[in-house]
Amino acid sequence: MSFITSHNLKKAYDVIVVGSGAGGGQTAYALTMEGMQVLVLEAGRAFDTASEVAMFQLPSQAPLRGVSTPDKQYGFHDCSINSGWEIPGEPYTNAGKEPANQFRWWRQRMMGGRTNHWGRIALRNGPYDFKPHTRFGAGFDWPIGYEDIAPYYDKVEMLIGVFGTNEGLENSPDSSPGVLLAAPKLRVGELYAQRHGAKAGASVKSIHRAVLTQPQDADTVPIKLHPGNAKAQRILAEHMRMRSPCFWATDCHRGCSIRANYDSQTVHLLPALATGNLDVLPNAMAREVTLNNEGRATGITFIDKTSGKEAHATGRVVVLAAGSQESVRLLLNSKSNLFPNGLANSSGKVGRYITDSVSSSLGAHIPAFEGMPIHNEDGAGGPHAYVPWTMHQQNRKGEFGFPGGYHLEFTSGRQMPSLTTLSGIDTFAGRGEIVFGHQLKEDARRFYGCSLGFGAQGTMLPNDDTFSELDPETRDQWGIPVLRFHWKWSEFELNQVRHQQQHIRELLEAMGGRVKSAVETDVFKSMKPGGSIIHEVGGAIMGAKAATSVTNEWSQTWDVKNLFLADGAPFASTADKNPTLTIMALAWRMADRLMDEMKKGNI
Amino acid sequence: MDRRVAIQWMLTATAALSLPRTDASGAPERNSLGTAKGYGSDPSMVKVYKSGDVWPLTFSESQRRTAIVLCDVIIPPDKASPSASAVGVHDFIDEWISSPYPAQAGDRVLILEGLLWLDGEADRRFKKPYADLSLEEAVLVCRDISNASVAKSEMKKAAQFFKRYRDLTAGGYYTTPEGMKAIGYVGNTPSRTFDGPPLDALRHVGLA
């Protein structure tokens, strides 16, 4: 893929997009297919998904057997470079001192952003998720409902390719007929949980993930997605045919050189570039949104990281898709006479109402799996099943002490061994000693693949004590002020985690599992710190009123007509679903609105 | 642990860390910890790395010989699969304890001390270095520090060392192609279809 440098920027673009991940990629795709001239700025370097991803490499071929280090914080072969919770020269701070008040912020500085190592779990928000205040009397209703976004969920799923089944579940919506690709068969552990989990009230279903289990229908999908646009249809069809379906091996977190799973370069940026309407500039660290005297955005000032020099790109419209908190930071750092407290911040709500998936996990040893006949469980490089939230009636008004719910994700199976594969082996047979010699080899064969666990991810509604702001002192290596986070869990989240732990334990025990840890009475020890799930959203929430929100229902800022957001920042709350699919659906919807407004001359 | 043993541990730890890494052949000093660097935040992920490729290793020749024997006490060869040292697990452990990252620093101390302890123990009981023991003798030394009752005795630290060395040996072994075969991992190979679990696997758990 050929990208530009800051020396050959065009004089002006129709739209400048900051960020190349799910939101930025989807925005660039939707706009360029309709003929808009677009520039995408990415803070990280160019990355070649065909030649740089390590799909088949073994842990023994990596330093330290591939375990995580400060340089590669998700492990050596994870598809992330120059990324992490801590990045040298790019700090952030936490206002609170207590562990429960810490926020961890993952930044992925590479082309395609976090989509490179995304788990590809692609669940739709349901109708309740957009109206938490109506249903639970807490949080804010979004200014849109499920019906507004449903057509865009269909479109995104057809474009990126999502497998799964329609189950008719309450608040975990079906896709339109013909949209989903065939779901893969479930693994032994997933089937076993399906059979025995019912006793604990858990209903195991096929999950939805952005992995091709079959070739995409390049003959009909492009026509459905781009009616009347022959060029767009041709380009999309060509790019769909360049993707291979999954070959049932290798972990999706490592990336996919055969293009079987979605990442934003493969699925969004490549076809967008083929239109001839897109420039992509890597190594461009956005610093500020520039304004004219009328209070309209005029472009982006950025640091060209290859030279360390500042440069400017000009556009009629600016879309921020830098990752919710990075977009917040850009707004807060874009101060002017018109917006002394940061751009689009007349409400004072920029940085407010950050939410994240509420998460905890628990694992067990399942004796029934011991001595399992050897077979290959790699499958689609990630889970095939999950436990959706189904206790809606029991929790109609928040009777559990928390609004919403959570879904459970599996870790199971005969996965590629890692350095810690035999963890716990001394306890399984009750030998009471450190096993070694021939006994160790025998036990290893017997107990391998017997671990099964669940990670919960649930609803979080915004609260007044969880937000980000500019740190008055700390700056990054380019002198740009950094974010300071304030994080506080409410009783809702604590109650939810208690419920998660109890429910998972019952589920594992229903499978005959020996749970690996004792009941934890300190809820803060069970729950994952804020940010850990990398689902942080909010900070520039959408709403029905300019006084209490940053954007309208189109992710268009109330204050600056030609400034939009296309990442998780406009989310008014976190659902019990992963945010990425919704980010893409909202981005596409936003892009359609943006073009409409431009055609009407409103922008 | 009484005070005498505690002091002995402390001294051996200091010795292990400060001993010049010059082996009998007069090879130059290796791995000056503190100057070694990691692989950085943008390494080639597709490259195949070997121990010693990214940072220099630590073991002297005699430490290496002890490490090899201990690896094979933990994972001996059998008809179906090779020993740990046959697939270079001792080199991995050397790489691990030579790591410039903070998470491995504690293991460096624990393992270098532990190897020294093994030699001391072998000398006390058999008047030989650990690497020169017969297999039965080498196993016997480990047997005595693998028992749960050791956890409270003065050999507690030796047991901690053995547990950690065992974990690294097992993890190091089962992440190699030979180890994966031995444990029964048969994935990482492309296939046209995914057929789900075979009938005998379903029967095994009562699902068919």
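In this predicted model, the elements of chain B follow the order α-α-α-α-α-α-α-α from the N terminus on. Of the 208 residues in chain B, 37% are buried.

Helix 6 of chain B covers residues 156–174. At 1.5 Å a residue, its 19 residues should span 27 Å, and the C-alpha atoms at its ends are 27 Å apart, so expectation and model agree. Because 14 of the 19 residues of helix 6 of chain B are buried, this helix is largely enclosed by the rest of the structure.

Two packed helices are described by the angle between their axes and the distance between the axes. For helix 3 and helix 13 of chain A, the angle is about 110° and the axes lie 9 Å apart. Angles of 65 to 115 degrees count as roughly perpendicular, and helix 3 and helix 13 of chain A are therefore roughly perpendicular to each other. Helix 3 of chain A contributes A:Ile149, A:Tyr152, A:Tyr153, A:Lys155 and A:Val156 to the contact, while the residues from helix 13 of chain A include A:Leu581, A:Met584 and A:Trp588. The residues of this contact comprise nine nonpolar, no polar and two charged.

Chain A also contains an open sheet of three strands, in the order 4-16-15 and with mixed pairing. Its edge strands, strand 4 and strand 15 of chain A, each pair on one side only. Strand 15 and strand 16 of chain A pair in the antiparallel sense over five bridges, and A:Arg475 stands opposite A:Pro481 in strand 16 of chain A. Helix 8 of chain A lies across strand 15 and strand 16 of chain A, at about 60° to strand 15 of chain A.

The table lists several elements of chain A discussed in this report.

| Element of chain A | Residues |
|---|---|
| Helix 3 | 146–160 |
| Helix 8 | 324–333 |
| Helix 13 | 580–599 |
| Strand 4 | 93–94 |
| Strand 15 | 467–475 |
| Strand 16 | 481–486 |

Finally, the two chains meet: 61 residues of chain A are in contact with 58 residues of chain B. On the side of chain A that touches chain B, the elements giving two or more residues are helix 4 (188–197) and helix 10 (438–447) of chain A. Helix 10 of chain A provides the largest share, five residues. The residues on this side of chain A divide into 33 nonpolar, 16 polar and 12 charged.

Conventions
Residues are numbered from 1 along each chain as its sequence is written. Chains are lettered from A and ligands numbered from 1 in the order in which they are written. This is a predicted model: local features need pLDDT of at least 70, side-chain atom pairs count only at pLDDT 80 or more; totals for chains, interfaces and linings use all residues. Helices (H or I, at least four residues) and strands (E, at least two) are DSSP runs, numbered from the N terminus. The expected span of a helix is 1.5 Å times one less than its number of residues. A residue is buried if 20 or more other C-beta atoms lie within 10 Å of its own, exposed if 12 or fewer, and partly exposed in between; C-beta atoms are placed from the backbone. Axes are lines fitted to C-alpha atoms, for helices over the stretch in contact, and angles run from 0 to 180 degrees between N-to-C directions. Angles under 35 degrees count as roughly parallel, over 145 as roughly antiparallel, 65 to 115 as roughly perpendicular and the rest as oblique. Two residues are in contact if their C-beta atoms, placed from the backbone, lie within 7 Å. Ala, Val, Leu, Ile, Met, Phe, Trp, Tyr, Cys and Pro count as nonpolar, Asp, Glu, Lys and Arg as charged, and the others, Gly among them, as polar. Two strands pair if DSSP finds at least two bridges between them.
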